[in-house]
Amino acid sequence: IDPFSLVVASATACIRAVEGEQADMAIIPALEASPLPSGLDKTVIASDRLAFCAREVIADLVWVENGKLYGPIMTYAPGTAYGARVSELLSREGLGLANTPVCESASAEAFLAQARAGMGAGWIPQSLISKEDRLLSLREHALDLDYEIICVERAN
C-alpha cells in the first residue's frame, strides 16, 4: 500500500482541497443542493440518514406542542452543513426549539457519545449508530433527514 494522508475537515474545506489539487478525492455527505464547482465530478457511494434519536429515558422527555420541540435537544452549530439541513427541516415542519439546546456542536460523533450517555436527543447519522448504543429513533416526530454520501474528484 502506498502511503497516503487522511484529513478530516468540513465538506466545504474538503471540496476546496480537491479543487485546489491538495487532495485527490473527498468523501462527504451531500447535504446541500448546490452544484459542485466546475471541474469536479461526484459519485454517489452510499446513502445515510440523520436520525433524530435518544436513549429511552430521554425519548420520554421529548415532545412537540404548539409549533415547539421540547426536551433536552442537541443541535449542530450554525454554519455547519448538518446544522443548515436540520434548521431547514424544523422550519419546513413549522417548528422551533422551546428551550436552549443542551449542547451545540459541529461533531456527529460528539452527539453520538452524548446520546449514548443519555444527555439529550439529536440528529445522528444512522451509519454511526449500532444496536449496542441502545438509541431509540424518535420517528413519530418525522424529523429524520435522508442524504447521500458522495466521492468528489477532479473531472478527467
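## An exposed loop residue, and the basis of the model

At 60% relative accessibility, Glu21 counts as exposed, where exposed means over 50% relative accessible area, buried under 20%, and partly exposed in between, with a 1.4 Å probe and protein chains only. The structure is a predicted model, in which local features need pLDDT of at least 70 and side-chain atom pairs count only at pLDDT 80 or more, while totals for chains, interfaces and linings use all residues. Residues are numbered from 1 along each chain as its sequence is written, and side-chain values use heavy atoms, with hydrogens and water left out.

## Positive phi angles in loops

Glu21 sits in the loop between α1 (11–19) and β1 (25–30); helices (H or I, at least four residues) and strands (E, at least two) are DSSP runs, numbered from the N terminus. The phi of Glu21 is near 60°, a positive value in a residue other than glycine.

Asn66 also has a positive phi, near 50°, and is likewise a residue other than glycine. Asn66 is placed in the loop between β3 (63–65) and β4 (68–70), and with a relative accessible area of 73% this residue is exposed.

## Helix α3 and its faces

Helix α3 comprises twelve residues, which at 1.5 Å a residue should span 16 Å, and the end C-alpha atoms are 17 Å apart, which agrees; the expected span is 1.5 Å times one less than the number of residues. The buried residues of α3 are Tyr82, Gly83, Arg85, Val86, Leu89 and Leu90. Seen down the axis of α3, these buried residues fall within an arc of 165°, so they line one face of the helix, the arc being that of the directions from the helix axis to the C-beta atoms.

The face of α3 turned away from the buried side carries the exposed residues Ser91 and Arg92. Just after α3, Gly94 takes a positive phi of about 70°.

Within α3 (residues 81–92), Arg85 and Glu88 are three residues apart and thus separated by about one helical turn. Their side chains meet in a salt bridge, at 3.9 Å from N to O, a salt bridge being a side-chain nitrogen of Lys or Arg within 4 Å of a carboxyl oxygen of Asp or Glu. Arg85 is buried, with a relative accessible area of 18%, whereas Glu88 is partly exposed, with a relative accessible area of 43%.

## Salt bridges between separate elements

A search of the whole structure finds four salt bridges. One of them joins the side chains of Arg49 and Asp146, at 2.7 Å from N to O. Arg49 lies in strand β2 (residues 40–55) and Asp146 in strand β10 (residues 145–154), so the pair ties together parts that are 97 residues apart in sequence. Arg49, at 23% relative accessibility, counts as partly exposed.

Arg116 and Asp133 also meet through their side chains in a salt bridge, at 2.3 Å from N to O. Here Arg116 lies in helix α4 (residues 108–116) and Asp133 in the loop between β8 (122–125) and β9 (135–137), so the pair ties together parts that are 17 residues apart in sequence. Arg116 is partly exposed, with a relative accessible area of 38%, while Asp133 counts as buried at 5% relative accessibility. Not counting residues up to four places away in sequence, Asp133 touches Arg55, Leu112, Arg116 and Leu128, a contact being heavy atoms within 4.5 Å.

## Aromatic pairs around Tyr76

The whole structure contains five aromatic pairs; rings of Phe, Tyr and Trp (its six-membered ring) pair if their centres lie within 6.5 Å, and planes under 30 degrees apart count as stacked, over 60 as edge-to-face and the rest as tilted. Among them, Tyr76 and Tyr82 form a tilted pair, with 5.0 Å centre to centre and 50° between the planes. Tyr76 is buried, with a relative accessible area of 5%, and Tyr82 is buried, with a relative accessible area of 16%.

Tyr76 also pairs with Phe111 in an edge-to-face arrangement, with 4.7 Å centre to centre and 70° between the planes. Tyr76 lies in strand β5 (residues 74–76) and Phe111 in helix α4, so this pair ties together parts that are 35 residues apart in sequence.
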